[in-house]
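Take a look at the protein chain below. This briefing goes through its domains and then its strands.

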Amino acid sequence: MSWNKPLPHATPISAPYWEGLKAHEVRLQQCEDHGHWLFFPRSHCPTCGSRRLAWRQVSGLGTLYTFTVARVPTLPEFSDEMPQLLAVVELDEGVHINTTLVGVDPAQLAVGMRLRPVFDERPGVATLLRYTPVDSAHPDVMTDATADVQAPAAEPAPQAVASKRQIGHKDLEALRGLVSEQYSGWSNAVQVTQDMINQFAALSGDDYWIHTDPERAKRDGPFGGTIAHGALVQVLASRLAMPMDFEVVGFGNIVNYGSDRLRFPSPVPAGCRIHGRYRIKSVEAVKSGTQLTMEINIHVVGQDRPSVINDLVMLYM
Ligand SMILES: [Zn+2]
């Protein structure tokens, strides 16, 4: 799953800390006059006021100072990692660091437990510092790939289900309560690469140059380069995890009944990241079950105008 969460921006003062994490080291500032350790990164020692500060590598080991098990997402982007284990860790040097815990059952958490650092790599952007119990089997380094594998295991299934409201497929009143003019929060983002576009061109047979010939598209096309097929962007909705706070349950079968409206109002240039959001547009009882129409909008990240509008009709039977 792609990453669509706030990420840190290094400042001149904090850059050595983030560079340390990229090298899988925890680095703290220490005051050279009196040996005080400090965190977060600063220009002077908050204890004695000294400006003579040095960056030092430390073990990163510490103890759990306090924690919160957050079962409601703090932002829609975090709905894929519920419950979120927010923690303050007291490093052995005495400083406190805000973090999240991974690779631990929330029921096992106890103030004072020993913790070790986990480096969560977000390639090209930053490496984040998370923590896990010293005796956890969790790897020291998380990449996108290991995060995907770890996430389901770290979340006990009953809690993941409990955080969503369950609505029976025949409960028309409750389902109609979902109908709204308001869109949801955004899904994760996915990059639409030239390689994906080429594969779609080969599969569909639509290999028009505007999609597959970057040089010609740059020279002759109206968009300064190649663009994705609208149909490709539409089906990529399957890779976008929409932040749903409900779940329709109790049905025997769900049928994708097609679309009431499908529009491609703006192009998706190759290499762009897309994300999506939805709203429930209508709920109707039909002879064979309940028909729910969900408007899905897919945008290039940062663009107001959607690239895909799809009124998707689902039939719960
Ligand atoms: Zn000091």
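Over how many bridges do strand β1 and β3 pair, and in which sense? They pair in the antiparallel sense, over six bridges. Keep in mind that this is a predicted model.

**The open sheet**
- Three strands make up an open sheet, and their order is β2-β1-β3.
- The pairing in this sheet is antiparallel.
- β2 (37-38) and β3 (53-58) stand at the edges with a single partner strand each, so one side of each has no neighbour in the sheet.
- Strand β1 covers residues 26-31.
- Leu28 has Arg56 in β3 as its bridge partner.
- Helix α1 (residues 15-22) packs on this sheet, where it touches β1 and β3.
- The direction of helix α1 makes about 145 degrees with that of β1.

**Strand β4 and its partners**
- Strand β4 (residues 62-70) runs antiparallel to strand β5 (residues 84-91), and eight bridges join them.
- Gly62 has Leu91 in β5 as its bridge partner.
- β4 is also joined to strand β7 (residues 114-122), by two bridges, and this pair runs antiparallel.
- Here Thr63 stands opposite Arg114 in β7.

**The two domains**
- The chain divides into domain 1 (15-161) and domain 2 (165-316).
- Their centres, taken over C-alpha atoms, are 35 Å apart.
- Contact between them involves four residues of domain 1 and five residues of domain 2.
- On the side of domain 1 that touches domain 2, one residue is nonpolar, one is polar and two are charged.

Definitions and conventions: Residues numbered from 1 in each chain as written. Predicted model: local features only at pLDDT ≥ 70, side-chain atom pairs only at ≥ 80, totals over all residues. Domains from an automatic or database assignment. Contact = placed C-beta atoms within 7 Å. Nonpolar A, V, L, I, M, F, W, Y, C, P; charged D, E, K, R; others polar. Pairing = 2+ DSSP bridges. Helix = DSSP H or I, 4+ residues; strand = E, 2+ residues; numbered from the N terminus. Axes fitted to C-alpha atoms, helices over the stretch in contact; angles between N-to-C directions.
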